[in-house]
Structure formats: structure tokens, C-alpha cells
Amino acid sequence: MRASRLLLATLKETPADAEIVSHQLMLRAGMIRKVAAGIYNLLPLGLRVVRKIEQIVREEMNRSGAQELLMPAVQPAELWQESGRWVEYGPELQRFKDRHQRDFCLGPTHEEVVTNIVRTEIKSYRQLPLNLYHIQTKFRDEIRPRFGVMRAREFIMKDAYSFDVDLDGLQASYEKMYQAYGRIFSRCGLEFRAVSADSGAIGGSTSHEFHVLAESGEDAIAVCCQCAYAANVELAVAVTTDSERPTPLHELQAVDTPEQHTVGSVASFLKIPTSKVAKTLLVRSSDGGAVALILRGDHELNAVKAEKLPEVAKPLEFIQPDEVTRVAGCDVGSIGPRDLDICVIADNAAAMMSDFVCGANTNNRHLTGVNWGRDLSEPRTADIRKVVAGDPCPESCGKAGAVLEIKRGIEVGHVFQLGTKYSESMNASCLDDQGESVTIQMGCYGIGITRVAAAIIEQYHDENGIIWPDGVAPFEVVIAPIGMKKSESVNDVSERVYTKLQDAGFDVLIDDRNERPGVMFAELDLIGVPHRLVIGDRGIKNGVIEYKHRGSSEVQELPVDDIVETLKTLKDNR
């Protein structure tokens with residue numbers, strides 16, 4: 001490709017509304033342009049990167065045995081009504097009517113459509129396992145699109161769907177996809193972690209998210225500093241370091257705590273750490289009443305974990321102040337677990353507390369020296385808190401210093417074991433080897449293609465611009481001739497090298513514009529082509545070309561005559 005023919009729409013200044021590095025650099029490098037909130041044009045440079053990522057995805061999906069098809073972006077309401085998601089999905093689902101007043105939506109995902117295909121075409125277990133995938137534009141009407149293509153309303157996604165006759169088959173299909181995802185993100189050059197996750201609106205049981213580690217990530221993930229354990233903070237298991245509860249040393253006492261309504265203020269007033277205060281949260285119970293959830297004062301409630309308790313209503317709801325007074329006999333700031341006539345569930349760490357402080361269920365009073373089993377009944381226990389940095393690794397990996405760290409992650413892929421969530425509601429079944437009708441087991445597997453492009457930039461950039469890994473770069477090599485328009489020898493050598501590299505299979509850009517070297521190098525650094533060859537009269541006289549990798553400050557001289565083989569070796573060794 002010749003730079004003089006390329007739409008190289010670079011910007012010198014960073015747009016004011018671009019908050020994170022990938023958004024800033026995608027705009028400055030001329031990869032994207034905004035059309036409306038959360039909707040972007042992919043300019044030629046950006047589309048080249050997206051197509052490279054798509055090719056990696058296709059190769060690994062095909063390698064895993066999946067088959068590509070293409071499903072429509074527009075979907076009829078009837079399919080979504082069958083699955084129950086027409087109402088459940090919420091306002092992110094862009095609904096509209098056609099000219100005949102029939103309801104349709106713009107597909108945010110394709111479980112319903114692909115299930116409709118399978119229930120029509122699959123009749124026997126002999127046709128399974130089956131994995132169908134496509135790469136297509138999706139639309140989700142995000143309430144707050146931000147960060148460029150990282151959280152856009154319209155985006156490109158690869159979604160795959162597996163179909164099996166039984167749970168063993170589903171597990172095997174899931175494992176194939178899990179391994180394929182690892183290969184995809186490794187080939188994209190990403191540092192990532194696969195984390196246990198909640199299935200959310202998609203549904204199903206087992207679920208893993210693939211997160212690119214980056215400070216700009218919107219998600220918090222817990223990772224072991226010594227082993228491969230990683231989980232979304234909503235699902236990470238919180239392990240208590242206490243093996244047994246300490247022996248009580250103090251008597252129960254009631255103390256006045258005037259105008260002290262928070263854990264922090266009570267701890268400060270009594271001159272104790274927040275870890276010695278038990279906080280009591282009253283939430284709606286599954287039968288419409290109230291449940292008391294007890295946590296250590298320095299811990300936070302994990303709403304996802306709490307919602308999984310059978311006693312707790314879904315979604316999680318804190319009861320109103322007037323009901324708190326009726327249930328506990330006091331205002332919110334003075335609630336305690338003692339003498340409550342409702343179900344009490346203590347977090348595992350809170351259940352190991354002794355001689356702790358809690359509300360006295362009387363306004364402006366607290367109890368000190370409180371102990372489970374002596375001053376109040378032993379509670380039911382559960383893991384209901386968020387993990388914190390320094391918690392022990394839940395895998396008990398046994399390695400010295402194996403504690404959790406909290407990292408920021410960008411979710412770029414998600415795999416689910418759906419089971420029969422869609423196949424049952426939509427009557428997708430087949431005959432098993434005994435001739436009996438069975439409901440097909442499903443899995444679903446998504447990768448945000450455009451989000452992967454942004455995530456790569458978040459990991460690979462410097463103050464001068466993007467540093468693309470070879471496999472996804474818009475061009476692998478750029479030839480930067482110095483004085484090409486003035487020097488016949490520079491022109492001849494540049495054109496000869498350009499042709500040789502193209503013939504050898506390299507994706508090459510030659511900067512044949514009449515630009516000063518400083519301007520040329522600045523733009524080439526901004527767009528991030530990995531391998532740069534500078535050709536000038538002085539080098540030609542010595543039979544060499546100046547080589548520099550975008551991610552290095554080192555400059556090398558390579559022989560002109562051996563440039564193809566030398567460049568191949570340099571690429572292979574990086």
C-alpha cells in the first residue's frame with residue numbers, strides 16, 4: 001500500500017472528549033470517526049486491524065471444528081418472546097416496528113435465532129456435536145456509551161453456539177472453546193486472564209470471562225499472585241484467615257454512641273479498628289419480609305453472592321427506613337443482630353469475630369464485648385463479602401505468599417454453559433441413541449472484535465502512539481524513504497525493496513509522500529507499524545537499510561540484498 005493513496009487521517013491534537021488511551025489514539029491515528037454517541041466509522045486503517053483480528057478468530061474457530069454462517073442483524077420479536085427475553089432484556093434491546101407494524105429488534109446477540117435454526121435442522125444425536133459461529137455487527141442501546149469502541153452501541157462481535165446431546169458433550173465443547181479463546185488472545189499479543197464469572201442476562205451455569213489486564217479496565221478481577229486462579233470480584237471466593245474463633249475476653253456492655261451512625265464513626269468514637277465492628281444490613285427476604293446480613297466492618301457486601309442465597313429476594317433490595325424501625329426498633333445506624341426476630345446470616349469472616357461491637361437496636365447505643373454463642377445465637381454462615389487484596393488464594397495452591405491481588409480488566413471474551421435455557425423454552429430437541437427425545441444442551445461463546453482492537457492499544461502504546469503486535473498490525477512493515485522525490489537511487493531501492501517484501505508475503509506500507517523525515521516518523525510512530533525500514537542515500541552507498549522496531553529505541557543496519565530473509569528472522573525472534 002502506498003501512503004499517498006491511503007486515507008491517513010491522523011490528528012496532531014488529542015480530542016477533548018476522549019477519556020482513555022485507546023479512544024485517544026484510535027482517533028489520532030485515523031482509525032475511527034464518531035457518527036453518533038457510541039456509533040463509529042471504521043476508517044481504512046482501523047478496518048485493517050479489525051480484519052486481522054477477525055482472521056485470527058476465524059482460523060482458531062475453524063481449527064476447533066466450528067462452522068461459520070451468517071445470521072441477520074434484524075430479528076423478529078416472536079423468537080425473543082419464545083425465550084422470554086423480549087421483556088427480560090430491558091432497554092438495551094433496540095425494538096422497532098416495520099411498515100406492517102410487526103415487532104422486530106436489532107440483534108445484541110443471537111441465541112434465539114441460532115436455536116431456531118437448530119430446532120429446524122437437527123433431528124438426531126448423529127448430527128451432534130455442532131458448533132456454529134458468525135462475525136457480525138451487533139447493536140446494544142447502552143445507557144452511557146463511552147471510551148470509543150470499548151463501550152459502543154454498535155460493534156463487531158464473534159458469537160458461537162455449541163449444541164450437544166448431553167452434559168458431557170457440552171463440557172467437551174466448552175473446553176474446546178475455552179482453549180481456542182486462549183490461543184486467539186495469545187496470537188493477538190495480549191496479556192490476559194480467564195476468570196470465573198457470573199452469567200448475567202445471557203443465563204446458564206458455568207461461565208468464564210477473558211480479561212485483558214489494563215489500568216483503564218472497567219472490571220475488577222481478583223488474581224492470585226502465585227498461581228493461575230482468577231475470578232471476577234463478584235464471584236471470587238473470600239477465604240477467612242481465621243481457623244477458629246478467639247476466646248471471649250470481655251463482658252457484654254451497652255454504651256452510648258450519640259450521633260454515631262456509620263461503622264467508621266462508631267470505630268473512631270470507641271477508638272477501635274473497623275474490623276472489630278459488625279455491621280448489620282437488612283435486605284428483602286424471598287418471602288417478602290427481611291433478612292439480616294452481618295459483615296465485618298472493614299468488608300463490603302457482595303450483592304451477587306447475596307442474591308444467590310435462597311432466603312434473599314432477587315434482585316437484592318434494602319428495606320426502607322420505616323420498615324427498619326418496625327423490624328429492629330431503631331434507625332439504620334443502630335441496628336445489630338442481637339434479639340432480631342428474623343433470619344440472620346453472617347459472612348464467614350464475621351462469624352469468626354469475638355468481643356466485637358454492634359448496634360444495640362436502640363438509637364444512639366451500641367453493644368461492646370459481643371460474642372456469638374454466648375450473647376446471641378450462632379448464625380447461619382455464608383460467603384457474602386467482596387474479596388480484598390491480601391485475602392488467601394481460594395485454590396489453596398500452597399505457594400508461599402499466595403494471596404489475591406485486585407487488578408483492572410477489560411472484558412474481551414465470555415464463554416457460557418447455557419444448558420437448556422434456550423433449547424427448552426424454544427423446543428429444540430433431538431432423538432438420542434435410544435430413540436428418546438432429549439432437549440439439546442447449548443453453550444455460547446462471544447468475542448468483542450472491535451473491543452479487542454482497543455484493548456490491544458491499552459496494553460501496547462507509548463507517548464508517541466500505538467505499538468501494534470505483528471499479528472494485528474494494519475501493516476507489518478513500513479518503508480520510509482528519505483528524499484524519495486529528489487534521489488533516483490532512493491526511489492529505485494525503495495521500490496525494489498517494496499516489491500520484494502510484497503512478493504515474500506509481507507503486508508507493506510511505503511511512505512511515498514513528499515514529507516519531511518520528522519513529520520513522516522512522527523506519523524508512522526503514531527499509527528504503530530511494528531517494523532520500520534529507513535532508506536537514504538548514505539545507507540545505499542554502504543549497501544544497508546536502517547531498521548528500527550516500533551517498540552525499541554535500538555537502530556540496526558541491515559544489508560539491502562538480504563532484507564527479506566533478515567526481516568523474517570527479526571520477526572520470528574521477537
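Predicted model: local features only at pLDDT ≥ 70, side-chain atom pairs only at ≥ 80, totals over all residues.
Local features were taken at pLDDT of at least 70 and side-chain atom pairs only at pLDDT 80 or more, while totals for chains, interfaces and linings use all residues. Residues are numbered from 1 along each chain as its sequence is written, and side-chain values use heavy atoms, with hydrogens and water left out.

The largest nonpolar core holds 66 residues. Such a core is a set of buried Ala, Val, Leu, Ile, Met, Phe, Trp, Tyr and Cys residues joined through side-chain atoms within 4.5 Å. Buried means under 20% relative accessible area, exposed over 50%, and partly exposed in between (1.4 Å probe, protein chains only). M31, I53, F185, V452 and W468 touch the most other members of this core. Contacts of W468 (heavy atoms within 4.5 Å) include M31, V49, I456 and I527, with residues up to four places away in sequence not counted. A second, separate core has 22 residues, among them A278, V324, F356 and C358.

Zero disulfides are present. A disulfide is a pair of cysteine sulfur atoms within 2.5 Å. For C224, the nearest cysteine sulfur belongs to C227, at 3.6 Å. C224 is buried, with a relative accessible area of 4%. For C225, the nearest cysteine sulfur is that of C224, at 5.1 Å. C225 is partly exposed, at 31% relative accessibility.

Strand β23 spans residues 441-448. Strands are DSSP runs (E, at least two residues), numbered from the N terminus. Eight of the eight residues of β23 are buried, so the strand is largely enclosed by the rest of the structure. In a regular strand the side chains alternate between the two faces of the sheet. Q441, G443, Y445 and I447 point one way from β23, and M442, C444, G446 and G448 point the other way. Two strands pair if DSSP finds at least two bridges between them. Strand β8 (residues 154-164) runs antiparallel to β23 and is joined to it by eight bridges. Here F163 stands opposite M442. Strand β20 (residues 404-419) is also antiparallel to β23, through six bridges. Q417 faces G443 in this pairing.

A separate description applies to an open sheet of three strands. Its order is β13-β18-β17, with antiparallel pairing. The edge strands, β13 (253-256) and β17 (356-359), each pair on one side only. Three bridges link β17 to β18 (residues 365-370). F356 has V370 of β18 as its bridge partner, and F356 also belongs to the second core.

Key: Helix = DSSP H or I, 4+ residues; strand = E, 2+ residues; numbered from the N terminus.
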